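Here are a few notes from going through the side chains and the backbone. Have the model open while you read.

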Amino acid sequence: MMNPPISPALAVAVPLLGAAALTGARKWLARAVMDALGLLISLATLFICAWLLLGSVHHGASVYWLGGWWPRGSTAVGIGLVIEPIGTGLATFAALLTTLALLFSWRFVETGSNHFQPLMLIFLAAMSGFSLTGDLFNLFVFFELMSIAAFALCGLKTAEPAPLQGSFNFAITNSVAGFVVLTGIALLYSATGALNMAQIGLSLGTRHDPLVLFAWTLLTCGFLVKAAIVPFHLWLPDAHAVAPTPVCVLFSGLMVELGLYAVARIHYAIFAGCFASHHGALHMILYSFAAATVLLGGVMCYAEHHLKRMLAFSTICHSGLMLATLAAGGPLALAAMLAYLLAHGLVKGGLFFLSGVLLHNRRSITEPELFAAGRKLPWAGTLGALWILGGIGLAAAPPLALLLGEAGAEHAAELTHLHGLSLLFIFGGGMTAAAVLRVGMHTFFGWGGGVISDRAAEIGELPETKPENRKIHPYHIIAPAFCILFAIAIAFLPGWLHVLRDAAAAMANQPAYLHTTYTGQNVPLTQPSWREAIPGAAGRGLLALGLGTLLALSSVFRNRLPRPLRAGAFMEHGFRPLRAMQSGHPGDYVLWITVGLALFGSAAMIFMRA
Amino acid sequence: MSERARNTLFFVAGAVLLSLYFYAARNLAPWGDYRGPYGDIIARRAVYERHATDIVNAINYDYRAFDTLGEEFILFTAVLGVSMLLRREEDAPTKPADQLEDRFGLSDAVRSVNLPALLVTTVFGFYIGLHGQLTPGGGFQAGVILATGVVLVYVCENTETFRRITSHAAVEVTESAGAGAYALIGIASLFAGMPFLCNFLGLGKTGDVFSSGTIALISACVGVEVTAAFLLVVYTYLEEIVTGAVPED
Amino acid sequence: MPSVLHSLPYFVAGWLFLCGLYGIVTSKHLVHAVICLAILQSSTYVLLLAVGYRVGGAAPIFADISTSELVVDPVVQALMLTDVVVEAVVVALLLAMVVKAHEKSGSVSPDDLRTMRG
Amino acid sequence: MIWFGAALLVLIAVAGTAVVRTRDVTSQVLALGFYGLLLALMFFFFQAPDVALSQITVGAVALPLMVMLAIARMKFRERARSSGSGEGGHE
């Protein structure tokens, strides 16, 4: 058995301890000291996670039993942390994004009375615990910790009513989701008498009855709320619109995607054996929800003029694309989804950082007010180029790494005969890229004029920084530049994909996961590369980019176009029923969760019945 | 969405959901027929392994102590969030204590039971907290009870004392220390060469107040944290009222 | 045990869950919605308790009984303790949001949370 | 014995419904406290004294207390607002 090089629990305990210490001292420490300490603790966590990641890559997967409670026979009596490249990789990514976000907010983003830094550290601890744990109830605990920290971070700007409404909606929907998950856990516990995911999977075996189906429905839907899949997505734009930009980076970059990770994790660890003969129906259900998400997210993304809401809808759209990838099924799809997740998190993080710079310097975040404002910024060229690169990235066009994920997804879909996935990618990538490019053309190039607006954009947003200091410091550029350039760099460093593919093969293999949990030993599995799919993906990415650019141009220069060609302006006005769905009423949001649960559950009972 | 449409849609979706649940629940084991194995294995061994007689606390503070670490920080985060949301605008003035009004108008007879009630509450709180590993109770319950004792001070109209106790910066420091100590106990077991949150202290004699090693220690930390956390929440909600801070409009 | 009772607590749990959802969906007052969330959560207590219950089992505290006696499942009780804390803190945080929203907008009606619309 | 437990469960279902149906927030707090006590009673009855103890402290005391504090604070604000003088707290 290979022990991890360092106790994996430290990836959770260090940021938690740091948060406790910072909270105790927050009344006496100056802002700069709090920032420096927060950054230091986050860096230490990054170091621990990266060490764990390297250890798991070099020595294979292992399990760390907290409190020394090794399993007795087949019963896990304690909580185990599963140390394999995917979980540790996600924890490392969480630490990286948190570090960047803390660097970006250095002495500049409003922090309450030094509340911000400890909350960020707790959020980080929750995300790494969520990624590492192998225990179902522990997953719920970290889900709640993540939620509570996120609710609080969301309400940081208390000077106006909108943030409180956004965070209230966020809090009530995600709390309902938490209890849906907990109900699912209770049902599974009743069926198996176990909480460890591997043990539940072992105990369920191939059992397939309404109880298992319903437990799967509850767990999956609960996590899909986090993942903002239609119709569970309504909280996300509100939460993003009101959260400070460094927090949005964490929300969109990782928190949402962790919901999908949890769906995949419980599927492969617990239910893979149960639904082995119903894969087709299962994938069809997930795929339908994903397709609806992509369509809605894409359309709404283009119809938004509040930058953060626009990026939020683009996150919904891409979350749908990732779920669609997952729905293709099999280890290859999982690997492709994770590759896409990483690249998307970087690109989206970069775009949010850039909008944070705009909000900081121009005191506004809506497209009409930002018109041509980008040109007046210092480093306008760099910022504009990064923004446009981000747009190119969302279309999954070269040279950004989203391309690799799209290639893998398409390859996996071919293997499982899933049709239409490439169309979804072209639509989702094209629409979100078009929206980002349109904003780029307006803001950084000053093209066109007479920008269309919408109601939500008119509320605007109070700046999160003090008005007297509007200077853009180098560290404001470092974070977005790092994100975007890193997303390009990993496209040309193929080594990590090979690791990811093999790790995904192990994660998607239930017997291998069982073996690792009970013996602590690695099961070496490999799967072939999808390199031959990359040129095709590049072609599709360029096509999406081209279509997106045309759409954006038709929006920007709509006055010079004949009326039938004004597709952009038409799309920009959006569709009334979709906008009406985004009512801001917490009752409506919870209603849609109920409807989604009923739909998902009925589909599962009907199409996957034993 | 109109109210009518909302209600109709909810009744349809809710009915579907409830019938799905009832359909699924037919496959649950009949009520009262617990089949294990997790709970039975722990129940059979915890007394020998951990010298604790209250198995629930042995699970909370030992077998699944990592859950409880997360749980304590959920509490910690929420308190941080509440104090952040309801933080006072810095320049809001406060009124001197003698101008604060009598909010409850309790009679002297009621007030005279205050001190005994406070005493009983405190003693009960400590008892519950110290015997967590033996009998029902533990740090969490004790914390809430102790904090309730302080709230009694307020109810019985000693607003100034209440303010002095709860507004003290030490409350938050205590809370952080309690939460941090939990994480530190976990890390300490690493230095003892054991896995995180391992029970590395002597287990003592079953039935003793100081038995069961880190279970009692963690329980104490939780108690400290919960007491302070609850006081912080109560004070944050009451701050405007007890300080007479004038809201700005 | 009479067979009528075999599923009773499961039904009660499902009913409470739905009641909580109904309350939130139709709520006219944000504090009311928060309390309904607490009711929704209490369904998980009932379910967890029911799942770990054993007829004739003693409480899992061996202070007065011998260790060979059959007890009800202590694990679900540990989970419930966590659950109780989660409930309390979620309510505290949500109430703080309501209070603050009331301070800023003077309203506690969910119908007025409409600035975010569209 | 088991019938008593069953009756308790039914009572809880009814009480839960009643709490949800109570639209006046101040009475709802009282109902919530009562509901919390019922739950605690059920926990005792079904051999979960630990949970019952926390349920009494949290569900029947702390939770209603917090709701009441929140309502009190909102009322305090409203009074301060309507009094207009900005002195706060006087009617």
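1. Phe10(B) and Tyr22(C) are both buried. This is a predicted model, so take the numbers here as computed ones. The two rings form a tilted aromatic pair, with 5.9 Å between centres and 50° between planes. The pair crosses between chains: Phe10(B) belongs to helix α1 (residues 3–25) of chain B, and Tyr22(C) to helix α1 (residues 8–26) of chain C.

2. Over all chains, the structure has 36 aromatic pairs. In chain A, have a look at the cluster that ring pairs make out of Phe123(A), Phe151(A), Phe170(A), Trp235(A) and Phe251(A).

3. Two charges over rings, also in chain A. Lys226(A) lies over the face of Phe143(A), 5.0 Å from the ring centre. Arg438(A) puts its charged end over the ring of Tyr302(A), at 4.7 Å from the centre.

4. Now the backbone. Most peptide bonds are trans, and most residues other than glycine have a negative phi.

5. Another cis peptide bond links Pro398(A) and Pro399(A), with omega about 10°. Pro399(A) sits in the loop between α14 (380–394) and α15 (402–415) of chain A.

6. In chain B, check His51(B), a non-glycine with a positive phi of about 55°. His51(B) is in the loop between α2 (38–50) and α3 (55–63), and it counts as partly exposed at 21% relative accessibility.

Note on methods:
Residues numbered from 1 in each chain as written. Chains lettered and ligands numbered in written order. Predicted model: local features only at pLDDT ≥ 70, side-chain atom pairs only at ≥ 80, totals over all residues. Heavy atoms only, no water. Phe/Tyr/Trp six-rings, centres within 6.5 Å; stacked < 30°, edge-to-face > 60°. Helix = DSSP H or I, 4+ residues; strand = E, 2+ residues; numbered from the N terminus. Buried < 20%, exposed > 50% of the residue type's maximum accessible area, 1.4 Å probe, protein only. Lys NZ or Arg CZ within 6 Å of the ring centre and 35° of its normal.
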